[in-house]
Amino acid sequence: MDTSDLKARLLEVAQRDFPLTPRPYKTLADRLGVTEDAVIAAFREMTLDDELISRIGAVYRTGTVGASCLAALAVPENSLEKTAEFVGTFPEVNHNYRRDHPHWTLWFVVTAPDTAGRDAVLDRVEAETGLPLLRLPMVEAYHLDLGFPLR
């Protein structure tokens, strides 16, 4: 199996079925017929070299643990990348993305142990960027399957 095929297979399985075992990389390796070292090396490359993934960790259904909020910043095009990098430094932010909108161009989700922690992150982002911030707390929950086929 070539490295790119292994990476695609790992990303597909990790999106929905990451093993909750004492040695998850070994479990994945056994499923895919490769070594545990190959799985670890592939994830390391995808994280550090390829920048395909920013972290490996759980994402909890909104409202079941802690407090979360969808937020958007009105970021000028010339500082979008720098601002996205800054927003991504917060451990409470699991992803951020550019959106084609006339005003609100950088969107992200903040999840913290409680509303005070969530609001502290949002307040800091707003204060340190000096940009308007839109807070969109969840009104009604929807389940979206964000897994995508990669091969």
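## A ring cluster and its surroundings

Ring pairs join Phe 18, Tyr 25 and Phe 43 into a cluster. The model described in this report is a predicted one.

### The aromatic cluster

The structure contains four aromatic pairs. One of them is formed by Phe 18 and Tyr 25: the ring centres are 6.1 Å apart, the planes stand at 80 degrees to each other, and the pair is edge-to-face. Phe 18 also pairs with Phe 43; here the centres are 6.5 Å apart and the planes lie at 55 degrees, so this pair is tilted. Phe 18 belongs to the loop between helix 1 and helix 2 (24–32), whereas Phe 43 belongs to helix 3, so the pair ties together parts of the chain that are 25 residues apart in sequence.

How exposed or buried is Phe 43? With a relative accessible area of 5%, Phe 43 is buried. The cut-off for a buried residue is under 20% relative accessible area, while an exposed residue has over 50% and a partly exposed one lies in between. Phe 18, at 24%, therefore counts as partly exposed. Tyr 25, at 26%, likewise counts as partly exposed.

| Residue | Relative accessibility | Class |
|---|---|---|
| Phe 18 | 24% | partly exposed |
| Tyr 25 | 26% | partly exposed |
| Phe 43 | 5% | buried |
| Thr 105 | 10% | buried |
| Leu 52 | 54% | exposed |

### Helix 1 against helix 3

Two packed helices are described by the angle between their axes and by the distance between the axes. The axes of helix 1 (residues 3–16) and helix 3 (residues 36–49) come within 10 Å and cross at roughly 85 degrees. Angles of 65 to 115 degrees count as roughly perpendicular, and helix 1 and helix 3 are therefore roughly perpendicular to each other.

Which residues of helix 1 and helix 3 meet? Helix 1 contributes Thr 3, Leu 6, Lys 7, Leu 10, Leu 11 and Ala 14, and helix 3 contributes Ala 38, Val 39, Ala 42, Phe 43, Glu 45 and Met 46. Sorted by class, this contact of helix 1 with helix 3 holds nine nonpolar residues, one polar residue and two charged residues.

### Two loop residues

Leu 52 lies in the loop between helix 3 and strand 1 (67–73). At 54% relative accessibility, Leu 52 counts as exposed. When residues up to four places away in sequence are not counted, Leu 52 touches Leu 11 and Met 46. Leu 52 and Leu 11 are 41 residues apart along the chain, and their C-alpha atoms are separated by 9.4 Å.

Thr 105 is located in the loop between strand 2 (93–98) and strand 3 (106–112). Thr 105 counts as buried, at 10% relative accessibility. Leaving aside neighbours within four places in sequence, the residues in contact with Thr 105 are Leu 73, Ala 74, Val 75, Leu 80, Tyr 97, Arg 98 and Arg 99. Arg 99 in turn lies over the face of Trp 107, at 4.5 Å from the ring centre.

### The protein as a whole

The secondary structure comprises five helices and four strands. Along the sequence, they follow the pattern α-α-α-β-α-β-β-α-β. The protein has 151 residues, of which 30% count as buried. Among contacts between residues at least 6 apart in sequence, 60% join residues at least 24 apart.

Conventions:
Residues are numbered from 1 along each chain as its sequence is written. This is a predicted model: local features need pLDDT of at least 70, side-chain atom pairs count only at pLDDT 80 or more; totals for chains, interfaces and linings use all residues. Side-chain values use heavy atoms; hydrogens and water are left out. Axes are lines fitted to C-alpha atoms, for helices over the stretch in contact, and angles run from 0 to 180 degrees between N-to-C directions. Angles under 35 degrees count as roughly parallel, over 145 as roughly antiparallel, 65 to 115 as roughly perpendicular and the rest as oblique. Contact means heavy atoms within 4.5 Å. Ala, Val, Leu, Ile, Met, Phe, Trp, Tyr, Cys and Pro count as nonpolar, Asp, Glu, Lys and Arg as charged, and the others, Gly among them, as polar. Rings of Phe, Tyr and Trp (its six-membered ring) pair if their centres lie within 6.5 Å; planes under 30 degrees apart count as stacked, over 60 as edge-to-face and the rest as tilted. Buried means under 20% relative accessible area, exposed over 50%, partly exposed in between (1.4 Å probe, protein chains only). A charge sits over a ring if NZ of Lys or CZ of Arg is within 6 Å of the ring centre and within 35 degrees of the ring normal.
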